[in-house]
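Please read it beside the sequence and the coordinates.

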Amino acid sequence: MASAMPASRTIRLGTRASALARAQSGTIARALERAAAAAGERVGVKLVPVRTQGDVDPSSLASLGGVGAFAAALRLALLDGQCDLAVHSFKDLPTAPVDGLRVWAVPQREDPFDALCARDGWGLDDLPREARVGTGSPRRAAQLLLRRPDLRIIDIRGNVPTRLSRVLGAEVWPDGPLGARQPDLDGVVLAMAGLRRLGLTGHVTEAFDEGVMLPAAAQGALAVEARVDADPLLTSLLATLDHAETRAEAVAERAVMEGLEAGCAAPVGALAQVDERGLRLDAAVISVKGTEAVRSRLRASNLDDAEALGHRAASDLLGRGAGDVADLRATKPRRSEAGQ
């Protein structure tokens with residue numbers, strides 16, 4: 001039976017508690033309210049905090065089981081009827097679909113690239129030998145080492161302000177249960193999208209492009225998910241937020257991961273970009289020690305071919321020896337299994 005919206009026309013939006021998640025969810029909430037007003041509907045959006053394992057456990061992301069550590073609790077809240085929709089960082093969603101749920105909207109993408117935030121205004125080439133650079137991402141670590149094999153990569157976790165505080169100290173506010181840390185790193189690599197959404201781009205010392213570091217699949221994009229039987233008013237409002245070009249880019253990039261059967265610790269980067277000729281897709285698999293990489297660049301003239309393009313890129317990478325460069329199904333043991 002299809003679920004009905006409450007008579008008050010209040011939409012419950014499930015969100016993680018971090019500053020970044022609240023900023024992302026707030027953006028979607030305001031957009032929905034504007035869309036409703038334009039349609040002559042009186043709708044309010046209420047944020048419903050949902051605590052996830054990824055928010056409260058300081059273990060490395062890979063050791064928690066990968067990006068699904070952030071999505072699982074939100075998806076359960078949707079299925080249980082605790083909220084009507086949820087906003088995810090699209091890169092946090094596992095590629096496998098969940099029965100009963102659908103991504104109804106992929107709003108226009110923020111900057112998809114990564115950025116270095118370092119002491120003393122250092123860029124990547126300026127960092128001293130054996131500088132300590134923090135990241136919890138095997139993809140970022142591998143590409144850093146590909147460019148700078150002398151760096152000491154420090155596995156870190158935490159929300160954006162927490163990670164920045166490990167470089168800048170008191171200049172960044174503490175946020176969330178993981179708390180702030182005393183400065184102990186020379187730099188950290190973070191997603192530019194998160195820094196923009198939090199107003200923290202003033203701490204960026206080098207903004208990377210695809211020549212330096214390919215992003216994670218769907219990085220910078222949001223996925224707005226609701227039940228497949230969601231109220232027609234909600235789905236009609238969500239349709240106004242969907243951005244066809246961003247959806248095509250995200251679908252292509254995620255299809256690379258699906259085609260590679262990539263695990264949460266696989267060092268894979270992917271970037272699709274819509275241009276006047278259709279859809280261009282760059283993808284790479286990098287060895288975890290940064291000693292070698294295989295790359296693919298393919299095109300599709302039609303955005304409807306985004307998924308097929310991603311699968312073609314995955315096949316191309318495999319044909320070029322990606323499986324020998326890195327363990328594509330790599331995962332890390334959970335904390336209890338690792339004896340930490």
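A salt bridge is here a side-chain nitrogen of Lys or Arg within 4 Å of a carboxyl oxygen of Asp or Glu, and by that criterion the structure holds 23 salt bridges. The model is a predicted one, in which local features need pLDDT of at least 70 and side-chain atom pairs count only at pLDDT 80 or more, while totals for chains, interfaces and linings use all residues. Residues are numbered from 1 along each chain as its sequence is written, and side-chain values use heavy atoms, with hydrogens and water left out.

**Overall architecture**

The secondary structure comes to 11 helices and 13 strands, taken as DSSP runs numbered from the N terminus (H or I of at least four residues for helices, E of at least two for strands). Of the 340 residues in the protein, 55% are buried, where buried means under 20% relative accessible area, exposed over 50%, and partly exposed in between, with a 1.4 Å probe and protein chains only. Among contacts (heavy atoms within 4.5 Å) with a separation of 6 or more, residues 24 or more positions apart account for 70%.

**Selected salt bridges**

| Pair | Closest N to O distance |
|---|---|
| Glu253 and Arg109 | 2.8 Å |
| Arg297 and Asp282 | 2.5 Å |

The salt bridge between Arg297 and Asp282 has its closest N and O atoms 2.5 Å apart. Because Arg297 lies in strand β13 (residues 293-300) and Asp282 in strand β12, this pair ties together parts that are 15 residues apart in sequence. Arg297 is exposed, with a relative accessible area of 52%, whereas Asp282 counts as buried at 7%. Elsewhere, salt bridges that share partners join Arg12, Asp84, Arg227 and Asp229 into one network; within it, Arg227 is buried at 14% relative accessible area and Asp229 is partly exposed at 28%.

Glu253 and Arg109 form a salt bridge with their closest N and O atoms 2.8 Å apart. That pair links distant parts of the chain, with Glu253 in helix α8 and Arg109 in the loop between β4 (101-105) and β5 (114-118), 144 residues apart. Both Glu253 and Arg109 are buried.

**Helix α8 and Arg254**

Helix α8 has 17 residues and reaches 25 Å from its first C-alpha to its last, close to the 24 Å expected at 1.5 Å a residue, the expected span being 1.5 Å times one less than the number of residues. Its buried residues include Thr246, Glu249, Glu253, Arg254, Met257 and Leu260, and what covers the buried residues of α8 includes β11 (268-275), β12 (278-286) and α9 (306-319). Just after the helix, Glu261 takes a positive phi of about 55°.

Leaving aside its neighbours within four places in sequence, Arg254 is in contact with Phe90, Leu93, Pro94, Thr95, Ala217 and Ala218.
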